[in-house]
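I opened the notebook to record what I looked up in this structure. The entries follow the order in which I checked things.

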Amino acid sequence: MKILVVSDVTAFALTDIYAGYIHAMSQLKIPFEVFSWHRERRRLADDTCWHIFHSEALLKCKEFTHVFFIGGLSIPQFLLESFYHVKTITIATEDPHTWTPQEPKLQNIDYYFTNERSIARCGLYKNVYYCPTAGSTQECSKLPLDALEDRYKSDILFLGAMYPNRRKLLESIIPFVKKHKLTMKICGHVQYMPKNSPLWEYVFDSRTIPHMETVKYYNGAKVVLNILRDIHWNPRTRNQKNPLKGQFPAESLNPRAYEVPLCQAFMLLEDTRPEAREIYGKDEVGFFSDEDSLRRQLRYYLIGKGNGLRDEMAFRAYKKAAEALTYNHRMLLIRDILEKPPV
Amino acid sequence: MSQSAGSTTNSDYTGFIAHYDNGRSIKERENFYSSKLKKKCATNWQEIDRTRLVALELVWHGQSKATVQKPPDPFTPDQWFFSHSGCMNMNSRKIIVVSRNIGYVKDGIVHITSVMEDTGIIRIWTRAV
């Protein structure tokens with residue numbers, strides 16, 4: 001087996017996933033090469049890049065057996081149709097509730113790994129496999145608190161895009177935050193937040209946060225909130241309703257659910273998706289389902305009896321994530337599937 | 001195989017302790033004169049009898065940081081793993097230990113628990129043999 005790896009054009013958002021899989025392949029000694037023009041992608045036209053990629057993949061002397069697309073939303077159809085003798089693998093990184101699992105392209109993809117369990121289990125597609133999101137032990141790590149700048153420290157941290165369900169939950173804890181004089185920081189994309197939202201006071205960093213900085217923010221927070229996105233909402237439609245809602249139930253977790261524990265940071269995880277409680281236990285992360293339970297959990301873990309439990313719980317979650325939920329483990333799963341003889 | 005964080009001991013010792021099936025334990029030592037090999041060695045790892053090992057324990061400044069226990073058989077002596085990661089100080093030519101690692105090998109994958117020498121931070125990771 002020898003793999004040629006390429007990331008999608010939206011390189012920035014995929015940096016950590018791309019780096020995670022590249023690192024996993026080298027750690028596991030899986031023969032691979034990265035697409036040598038990867039760094040030129042922003043300068044060259046997309047089609048030019050894909051043509052070079054096609055030529056490279058089919059070079060006889062390179063002996064590639066598989067091409068590995070990370071992302072894969074923008075792979076042109078002609079490319080998928082012309083990979084003779086080379087198997088195609090797509091690691092879907094997009095939100096599966098906003099983008100369909102590329103039904104028209106699926107017949108030309110040999111292995112499609114979705115990050116939503118319900119898509120793999122629906123039985124509609126024979127070449128679709130479930131490969132959950134993950135974290136990287138290389139990218140995510142515990143940092144000594146005294147080495148962190150003050151700007152990364154907080155009592156409550158929310159990092160991510162501000163979808164309406166997240167805004168509603170965060171707005172509900174403002175009185176609690178004010179009453180106990182806690183520091184709450186909101187980092188990430190806030191373009192969906194209305195101008196009159198009281199949350200603007202807490203917006204600390206509205207950039208697309210580079211991965212190394214997210215690790216610092218997680219390390220500096222006493223509690224990291226992981227609020228899962230509402231699949232009924234879609235900012236790309238005129239009425240902001242998701243036309244794909246209900247097609248596949250939301251069961252799986254986001255990458256943050258693995259990255260936060262891998263930083264040995266304490267996470268409060270929304271448990272409205274089944275995998276939350278299937279993967280983590282009550283002694284590893286805190287759970288909440290709605291505004292009331294979120295307030296109760298924050299009170300317990302920040303000013304109540306749970307104050308002294310956070311470090312131990314975070315370490316237990318770290319142990320679980322590091323021992324089974326990293327890109328190395330996902331890559332082992334993928335390798336096993338690729339090495340299985342076709343049915 | 002289980003890996004766990006442990007308790008505090010009294011000394012200021014940093015290194016790993018090899019626990020044997022007969023209750024004995026051997027502390028890892030550096031700059032060690034091996035009577036078996038009749039020469040000065042960087043560590044006493046050669047003296048550790050892997051066939052008798054039941055657990056490896058990583059201690060950092062007297063504090064037990066992590067333990068790897070022997071699982072039920074089949075488990076061969078070769079499956080135990082211990083190492084240092086380090087670098088050389090180019091002025092003094094001394095080796096600086098960056099992290100101490102213990103672990104085990106299973107299905108061609110090494111499962112490693114490391115303790116950072118400076119900070120005592122624990123890191124759990126995997127790689128191919």
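**Entry 1: strand pairs in chain B**

I began with strand E8 (residues 80–88) of chain B, which is joined to strand E9 (residues 95–106) of chain B by nine bridges, the two running antiparallel. The model is predicted, and I read every entry with that in mind. For one position in this pair, I noted that Phe81(B) stands opposite Gly103(B) in E9(B). E8(B) and E9(B) make a hairpin with six residues between them. In that turn, I found Arg93(B) with a positive phi of about 60 degrees.

I then followed E9(B) to its other partner in my notes, strand E10 (residues 109–116) of chain B. Eight bridges join these two strands, and they run antiparallel. Here Arg100(B) stands opposite Val115(B) in E10(B). E9(B) and E10(B) also form a hairpin, with two residues between them. Asp107(B) in the turn has a positive phi of about 50 degrees.

**Entry 2: chain B as a whole**

Of the 129 residues of chain B, 25% count as buried. I also looked at contacts with a separation of 6 or more in chain B: residues 24 or more positions apart account for 50% of them.

**Entry 3: where the chains meet**

I counted nine residues of chain B in contact with 12 residues of chain A. On the side of chain B that touches chain A, the residues are five nonpolar, two polar and two charged.

**Entry 4: chain A as a whole**

Chain A has 13 helices and 12 strands. Its radius of gyration is 21 Å, which agrees with the value near 20 Å that a compact globule of 343 residues would have. I noted a box of roughly 65 × 45 × 40 Å, along the principal axes, for the C-alpha atoms of chain A. Buried residues make up 40% of the 343 residues. Among contacts in chain A between residues at least 6 apart in sequence, 67% join residues at least 24 apart.

**Entry 5: two domains in chain A**

I then looked at how chain A is divided: domain 1 (3–134 + 326–339) and domain 2 (145–324). Their centres, taken over C-alpha atoms, are separated by 29 Å. The contact takes 18 residues from domain 1 of chain A and 20 residues from domain 2 of chain A. On the domain 1 side, helix H1 (11–27) and helix H5 (117–121) of chain A are the elements that give two or more residues. By class, that side has six nonpolar, nine polar and three charged residues.

Where does the largest nonpolar core lie? The core has 102 residues, and those with the most contacts inside it include Leu4(A), Tyr21(A), Val224(A) and Met267(A). Both domain 1 and domain 2 of chain A give residues to this core, so it lies between them. I checked one of its residues, Val224(A), leaving out residues up to four places away in sequence: Val224(A) touches Leu157(A), Tyr218(A), Val260(A), Ala265(A), Phe266(A) and Met267(A). As a general note, nonpolar side chains tend to be buried together in soluble globular proteins.

The buried residues of H8(A) are Thr214(A), Val215(A), Tyr217(A), Tyr218(A), Asn219(A) and Gly220(A). Among the elements that cover them, I listed strand E7 (154–159), strand E10 (221–226) and helix H9 (256–262) of chain A.

Thr208(A) is in the loop between strand E9 (203–205) and helix H8 (211–220) of chain A. Is Thr208(A) buried or exposed? Thr208(A) has 11 other C-beta atoms within 10 Å, and 12 or fewer counts as exposed. Thr208(A) and Ala161(A) are 47 residues apart in sequence, yet 9.3 Å apart in space, C-alpha to C-alpha.

Ser36(A) is in the loop between strand E2 (32–34) and helix H2 (46–57) of chain A. Ser36(A) is exposed too, with 11 other C-beta atoms within 10 Å. From Ser36(A) to Gly160(A), I noted 124 residues in sequence and 31 Å in space, C-alpha to C-alpha.

Methods: Residues are numbered from 1 along each chain as its sequence is written. Chains are lettered from A and ligands numbered from 1 in the order in which they are written. This is a predicted model: local features need pLDDT of at least 70, side-chain atom pairs count only at pLDDT 80 or more; totals for chains, interfaces and linings use all residues. Helices (H or I, at least four residues) and strands (E, at least two) are DSSP runs, numbered from the N terminus. A residue is buried if 20 or more other C-beta atoms lie within 10 Å of its own, exposed if 12 or fewer, and partly exposed in between; C-beta atoms are placed from the backbone. Domain bounds come from an automatic or database domain assignment. Two residues are in contact if their C-beta atoms, placed from the backbone, lie within 7 Å. Ala, Val, Leu, Ile, Met, Phe, Trp, Tyr, Cys and Pro count as nonpolar, Asp, Glu, Lys and Arg as charged, and the others, Gly among them, as polar. The radius of gyration is taken over C-alpha atoms; the globule rule is 2.2 Å times the number of residues to the power 0.38. A nonpolar core is a set of buried Ala, Val, Leu, Ile, Met, Phe, Trp, Tyr and Cys residues joined through C-beta atoms within 7 Å. Two strands pair if DSSP finds at least two bridges between them.
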